[in-house]
There are 2 protein chains.
Amino acid sequence: MSLILQNIAKHIALTTAEQELFLSKIEVHHFDAKTILLHSGEVCKYSYFVNSGILRSFNINDNIVEHVLNFACAGYWIGDMYSLITQKPGNLFIEVLEDAELALLSKENQEILYTEIPKLERFFRILTENSLVVNQERLMDNLSLSAEERFEKFCSKYPTLIQKVPQKQIASYIGVTPEFFSKMKSKILHR
Amino acid sequence: MSLILQNIAKHIALTTAEQELFLSKIEVHHFDAKTILLHSGEVCKYSYFVNSGILRSFNINDNIVEHVLNFACAGYWIGDMYSLITQKPGNLFIEVLEDAELALLSKENQEILYTEIPKLERFFRILTENSLVVNQERLMDNLSLSAEERFEKFCSKYPTLIQKVPQKQIASYIGVTPEFFSKMKSKILHR
DNA sequence: TAGGGCACTTAACCTAGATTAAGAAATAAC
DNA sequence: GTTATTTCTTAATCTAGGTTAAGTGCCCTA
């Protein structure tokens, strides 16, 4: 069974017919690393489910500094939630960091699926709740932990990412400059 | 019509019977300022909808420093989302800051309502999506804006709160110490 | 009406992390 | 295989915001 159906099955039970309907509403595509799926200023039309590869969402401040909002690897969804909801231009970029196979669910198809398989409201509610919890924890961590502690948490939470994404992006995710991150890293190693 | 039904009506349409069913599943109570509705370490049993008054959720770090996660005034929901979802002990406190009338929706009744009025899945999905968007923006703000800029945003977003909640709690919400907040405030005034 | 706490202010000093800059190492491009 | 570009490191210097501490005003409640 496809990863996305496994993902759904963790929270709700779909009949075979519903599964087929769901699959008929998504498009699976391959994207090369460095592809930008969404630019700041565009309206986000899709939720992206990651079958394989790694993506990130980020914004750019004053045309200079990047800030990573999220990483997504296999089994995760990613998108610009603000832009998806409002269908107004967002300020996020979504980029492929490592060659990826993605399942694209368009906003329109998502709405169609909600009416045809109301159970999916439940699925996406649960998904969103979980994201919210993770986000709230990260927010509190940013308010209360040191950069080093945030890095430790990142390591235990996303052990696979550390080898795979450029460390300046991890620095950005935990909220420090690449230079400070490098200093911190060598400080940790030398003890 | 009660505030909570108006709130729901913004996103989904309930029949009169459904409205009555919904109301039968919530308890409306009055709480005095300073009441702690939820302590860190407890399992959160209710979502709280604010009819009037002001609440906040916060955690306490190393038994010393408070960090405000959210304020809630009339028309807002508040709870410990992590604990509500998992039904495990959370680390948030929920406190009444200003005498409040609250509608309490227990986790069990919420689940019952989901089965009896499936449309409510949609309502709470939308609610959670909106919270997530707000949270993500706050996270990015904490990564990219100065304390002063965060304060300005807070002022334009929650103008009513500034007069009503102790400023050390606003300081905590935007992520600075009360001392620095005070310094910053007088700097802003003197120009 | 006193007095014990909070909330707020002010000021001196301190530090985690930013900035700037320049070189080394790794990737990518040709 | 060489050059160009990006990433990472190191180090000096700087600053936003933290810490400590002492003092002021203000509810409270007795």
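Reader: Is N91(B) buried, exposed or partly exposed?

Author: In this predicted model, N91(B) has a relative accessible area of 47%. Buried would need under 20% and exposed over 50%, so N91(B) counts as partly exposed.

Reader: Okay, and where in chain B is N91(B)?

Author: Look between α3, residues 81-86, and β6, residues 93-106. N91(B) sits in the loop that runs between α3 and β6 of chain B.

Reader: Which residues is N91(B) in contact with, leaving aside its neighbours within four places in sequence?

Author: Contact here takes heavy atoms within 4.5 Å. With those sequence neighbours set aside, the partners of N91(B) are S40(B), G41(B), F58(B), N59(B) and D80(B).

Reader: What separates the C-alpha atoms of N91(B) and H67(B)?

Author: Along the chain, N91(B) and H67(B) are 24 residues apart.

Reader: Let's switch to charges. How many salt bridges turn up over all chains?

Author: Side chains of opposite charge can pair when their charged atoms come close. Searching the whole structure for such salt bridges gives a total of 24.

Reader: Which helices hold E137(A) and K153(A)?

Author: The side chains of E137(A) and K153(A) form a salt bridge, with N to O at 2.6 Å. The two residues are 16 apart in sequence, so the pair ties together separate parts of chain A. E137(A) is in helix α5 (residues 119-144), and K153(A) is in helix α6 (residues 147-157).

Reader: What about D141(A), buried or exposed?

Author: D141(A) also makes a salt bridge with K153(A), with the closest N and O atoms 2.9 Å apart. That pair links helix α5 to helix α6 of chain A across 12 residues. K153(A) is partly exposed at 33%, but D141(A) has a relative accessible area of 13%. That is under the 20% cut-off, so D141(A) is buried.

Reader: Over in chain B, how far apart are the closest N and O atoms of K157(B) and E137(B)?

Author: K157(B) belongs to helix α6 and E137(B) to helix α5 of chain B, 20 residues apart. Both residues are partly exposed, K157(B) at 43% and E137(B) at 34%. A salt bridge needs the nitrogen within 4 Å of the oxygen, and the closest N and O atoms here are at 3.8 Å.

Reader: Last one: what feature does UniProt place at residues 14-108 of chain A?

Author: The span is 18% helix and 52% strand, and its end C-alpha atoms lie 20 Å apart. The unreviewed UniProt entry gives it as "domain: Cyclic nucleotide-binding".

Terms used: Residues numbered from 1 in each chain as written. Chains lettered and ligands numbered in written order. Predicted model: local features only at pLDDT ≥ 70, side-chain atom pairs only at ≥ 80, totals over all residues. Heavy atoms only, no water. UniProt positions renumbered as here; feature names shortened; annotations may be inferred. Helix = DSSP H or I, 4+ residues; strand = E, 2+ residues; numbered from the N terminus. Buried < 20%, exposed > 50% of the residue type's maximum accessible area, 1.4 Å probe, protein only.
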